[in-house]
Amino acid sequence: MAAPAGPTRLAYFDDMWALRAPAAVLSVHQEEGGRRAVVLDATIFHPQGGGQPADTGVIVSAARFLVEDVRVKDGVVFHYGRFEDADGEELSQGQSVSMEIDADRRKLNSRLHSAGHLLDSCMTNLGLHMEPGKGYHFPDGPFVEYKGVVPTDQLQDTKIQLEKEANELISKGAKVLVSVFPYEEAAKLCGGALPSYISEDSTPRIVKFGDCPGCPCGGTHVADITDIGNLKVTNIRVKKGVTKVSYSISP
Ligand SMILES: [Zn+2]
């Protein structure tokens with residue numbers, strides 16, 4: 001079958017709330033180990049990346065393709081999985097399908113991702129102006145790293161203050177804005193400047209909580225930060241010039 005022609009349209013970029021949407025099959029191929037990879041013209045499945053796990057779900061036509069993992073390579077999104085009925089009908093090129101996402105898993109991933117970004121705002125509010133580095137928003141031990149050092153004798157107090165600030169913001173609530181903007185406008189929303197890895201030719205996607213400064217992000221989020229639920233800062237430690245803040249959210 002022909003290789004996918006171009007990048008997959010990321011439908012979740014514009015509409016994070018769609019848990020079901022139509023698409024067309026561009027290709028289906030067999031991977032090593034027997035699993036299949038389905039490429040569609042557009043997808044609402046969030047591929048693993050940006051610190052967020054992949055969505056799971058099902059791609060439905062006459063056949064049901066169970067999506068177990070989603071990855072993106074050179075702009076093409078690959079839905080990996082297997083057909084529910086191994087001996088039944090398969091998907092074919094050009095076929096119309098319906099994508100359905102596992103809503104519970106998506107909701108948890110969105111809450112965890114939003115919680116990570118909320119910690120950025122809390123750091124700033126505590127006067128700790130450190131650039132966020134790596135974010136890991138998986139359920140098994142999420143954390144955010146900041147470029148900079150909190151003095152050792154202030155770590156315990158910072159941990160307590162961060163958690164307090166986060167839960168105060170959560171209980172107040174704030175609408176979450178996620179959208180694609182022209183570069184200049186995006187920079188303005190993010191406090192005047194964007195990180196250097198964002199190209200000036202691009203139209204960055206920005207996530208912004210209420211009046212807090214925005215941040216470039218490709219992930220999925222809650223609609224209002226109250227949906228995060230209770231946030232706990234489980235650990236804070238400093239290593240090699242980086243402050244790592246680990247957190248959890250109540251189920
Ligand atoms: Zn993000």
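This is a predicted model: local features need pLDDT of at least 70, side-chain atom pairs count only at pLDDT 80 or more; totals for chains, interfaces and linings use all residues.
Biologist: How many residues does H3 have, and how far does it reach?

Modeller: Helix H3 covers residues 155-172, which is 18 residues. From first C-alpha to last it reaches 26 Å, close to the 26 Å expected at 1.5 Å a residue.

Biologist: Which residues of H3 are buried?

Modeller: The buried ones are Leu155, Thr158, Leu162, Glu165, Ala166, Asn167, Leu169 and Ile170. Their cover includes helix H2 (103-125), strand E14 (231-239) and strand E15 (242-249).

Biologist: Changing topic: what does the domain assignment give?

Modeller: The assignment gives domain 1 (9-101) and domain 2 (106-249). Their C-alpha centres lie 29 Å apart.

Biologist: How many residues are in contact there, and what area is buried?

Modeller: Contact involves 15 residues of domain 1 and 17 residues of domain 2. The two domains bury about 1400 Å² between them, with 55% of it on carbon and sulfur atoms. On the domain 1 side, Phe13, Met16 and Gln52 lose the most area to domain 2, together 42% of what that side buries.

Biologist: How many salt bridges cross that interface?

Modeller: The rule finds 1 salt bridge across it. Arginine 106 also forms a salt bridge with aspartate 55, where the closest N and O atoms are 2.7 Å apart.

Biologist: What is the salt bridge count by this rule?

Modeller: The count comes to 9. One of the pairs is glutamate 100 with arginine 20, at 3.2 Å, N to O. That pair links distant parts of the chain, with glutamate 100 in strand E8 (residues 96-101) and arginine 20 in strand E2 (residues 20-30), 80 residues apart. Arginine 20 is exposed, since its relative accessible area is 59%.

Biologist: Which residue forms a salt bridge with glutamate 68?

Modeller: Arginine 82 does, with the closest N and O atoms 2.8 Å apart. Glutamate 68 lies in strand E6 (residues 64-73) and arginine 82 in strand E7, so the pair ties together parts that are 14 residues apart in sequence. Glutamate 68 counts as partly exposed at 43% relative accessibility, and arginine 82 does at 45%.

Biologist: Still on E7, is histidine 79 buried or exposed?

Modeller: Histidine 79 is in strand E7 (residues 76-83), and it counts as buried because its relative accessibility is 0%. Leaving aside neighbours within four places in sequence, histidine 79 has contacts including Thr43, Phe45, Ile59 and Phe65.

Biologist: Where is threonine 43?

Modeller: Threonine 43 is in strand E4 (residues 42-43) and counts as buried at 0% relative accessibility. With neighbours within four places again left aside, the contacts of threonine 43 include Ala11, Tyr12, Val77 and Met99.

Notes
Residues are numbered from 1 along each chain as its sequence is written. Side-chain values use heavy atoms; hydrogens and water are left out. Helices (H or I, at least four residues) and strands (E, at least two) are DSSP runs, numbered from the N terminus. The expected span of a helix is 1.5 Å times one less than its number of residues. Buried means under 20% relative accessible area, exposed over 50%, partly exposed in between (1.4 Å probe, protein chains only). Contact means heavy atoms within 4.5 Å. Domain bounds come from an automatic or database domain assignment. Buried area is the accessible area (1.4 Å probe) that two parts lose on being put together, summed over both. A salt bridge is a side-chain nitrogen of Lys or Arg within 4 Å of a carboxyl oxygen of Asp or Glu.
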